[in-house]
Amino acid sequence: MASPVSLVRPALLGALPTPPLARAVPSITESTRARFLVLLAQGNLRAALEMWETHTGRAAPRAAWAMHSAFDKANQVAGACIRVARSVYDGFKSLGFQPQLVRFVPPSQAEERLAWEMRAGVPQSTIQVSNNAQHYAVKQGERIYDAFTGPTGMLLDDYLERLHSPVGRPLMQAVESLP
Amino acid sequence: MSRELDGPAKLSEPVHYLSVLTELLDLRSRAQHGQPFRLLLGSERFEEMVAYKDGYVRCAWRNGVDDLEYAAFRDWLRDIRGEFPNDWVRSYVDICGGDHERAMMRLLDFVAEYVALRQRTSPPENPELQVPPPTFFSPPERYVSVLEELRHIHSNTQRGFPFWLALGTETLPALSTFIRGYLRCAERHGITDMRWLAFSQWLVDTHHLATDSWEVSLLQRSNDDHIQAMRHLLDFVITYGHHEGPP
């Protein structure tokens, strides 16, 4: 009879994120990924995807093109972050990256508000991002991506200069999945 | 106003922190016995009750405690019960058809449900139902007054940050219930905020603003502009600080 552990393991494995897509698309090289990120950092998702297609000789996955609408400014509102993070995460995965889902929380767990400074250095431009104690985003390499960063992404330190809570700088937590 | 101690410095006995959940359950009980929210909180609006709760946990935070019991409740309500969405303050009022009193009771009923569930479930089924280990509130010697929190809010709003970041909303009654919540937290831990009392007296003596009517007076002086009225009050706190000397 199977031990409880072996009964549990398949279920746990099933709950884990899907295997890295890089294995399924072996022709994606490190240099393709690096060049993709350079073009993305310039804010040019379309050029990055076209370069990816040229280098790999295949059409970019639909999930990758969907990042385009995830980064739309219309998503710069409270309540959209989970949908955006899912889309950006899936997009990176489909291109052979290993993104990390992250969650930003106020430094005091009992606090609930997070706010984003729409224009850097202009506190008057701050809008509410969350009042239920969490904001989700995606970390790929050194950069954070969400609707507010757009396709260029932002370095964590720069990102945390713009994200505010009532009691100081929010904290970033790695998470396994989205709610 | 600095606290004077008799003889050699005596360290107070540490006081266990009482979560805002306890305060919310008390509020619920009093409301169920017919006491109106206007008397209990000084407001009948849901967002201003939330500011009261925020004031309470802010006092805890400034005095060495993160209210993990409240955080666990909130996580349960959000992740398990599915009743704490983004923009939950507005959604509670909407769900209750604009009836703020019902929205308040809705939140308070969730607190009661959570606490009852926690008591029934032993051992806890999930982390949200575990009671965090006890923590200690600052002793009176190290108590951080609400005036310090107001100075912090003043500094942030002077820099251009909106009032809602601190208060959740932008009305003078929200600032007022926030202060009440802060003071209530201190009171529950055996501390009277002497600096706040001295400031209140100074408002009466110097600006003829009685504590029980300063909301009305400040709004009149600000032509019903709530942001302006809040700025007036915070400016008074700063001006008073110059008279008060170092804390």
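Does Arg169(A) count as buried, partly exposed or exposed, and at what relative accessibility? Arg169(A) counts as partly exposed, at 41% relative accessibility, where buried means under 20% relative accessible area, exposed over 50% and partly exposed in between, with a 1.4 Å probe and protein chains only. This is a predicted model, in which local features need pLDDT of at least 70 and side-chain atom pairs count only at pLDDT 80 or more, whereas totals for chains, interfaces and linings use all residues. Residues are numbered from 1 along each chain as its sequence is written, chains are lettered from A and ligands numbered from 1 in the order in which they are written, and side-chain values use heavy atoms, with hydrogens and water left out.

The side chain of Arg169(A) meets that of Glu161(A) in a salt bridge of 2.8 Å, N to O, a salt bridge being a side-chain nitrogen of Lys or Arg within 4 Å of a carboxyl oxygen of Asp or Glu. Over all chains the structure holds 26 salt bridges. In chain B, Arg62(B) and Glu149(B) meet in one at 2.4 Å, N to O, and this pair links distant parts of the chain, with Arg62(B) in helix α3 (residues 46–62) and Glu149(B) in helix α7 (residues 146–159), 87 residues apart; helices (H or I, at least four residues) and strands (E, at least two) are DSSP runs, numbered from the N terminus. Arg62(B) is partly exposed at 24% relative accessibility, whereas Glu149(B) is buried at 1%. Glu69(B) forms a salt bridge with Arg118(B), the closest N and O atoms being 3.0 Å apart, and because Glu69(B) lies in helix α4 (residues 68–80) of chain B and Arg118(B) in helix α6 (residues 100–120) of chain B, the pair ties together parts that are 49 residues apart in sequence. Both Glu69(B) and Arg118(B) are buried.

Turning to the aromatic residues, a search of the whole structure finds 22 aromatic pairs over all chains; rings of Phe, Tyr and Trp (its six-membered ring) pair if their centres lie within 6.5 Å, and planes under 30 degrees apart count as stacked, over 60 as edge-to-face and the rest as tilted. The rings of Phe71(A) and Tyr145(A) have their centres 6.4 Å apart and their planes at 50°, so the pair is tilted. Phe71(A) is buried at 8% relative accessible area, and Tyr145(A) is buried at 1%. In chain B, the ring centres of Trp88(B) and Tyr92(B) are 5.5 Å apart with the planes at 80°, so this pair is edge-to-face. Trp88(B) and Tyr92(B) are four residues apart in helix α5 (residues 88–95) of chain B, separated by about one helical turn.

The two chains also meet each other, with 29 residues of chain B in contact with 27 residues of chain A, contact meaning heavy atoms within 4.5 Å. Between them the chains bury about 2,200 Å², 49% of it on carbon and sulfur atoms, where buried area is the accessible area (1.4 Å probe) that two parts lose on being put together, summed over both. Asn86(B), Trp164(B) and Leu165(B) supply 28% of the area that chain B buries against chain A, more than any other three residues. Across this interface the rule finds four salt bridges. The side chains of Glu112(A) and Arg74(B) meet in a salt bridge at 3.4 Å, N to O, and both residues belong to a network of salt bridges that also includes Arg113(A), Lys53(B) and Asp54(B).
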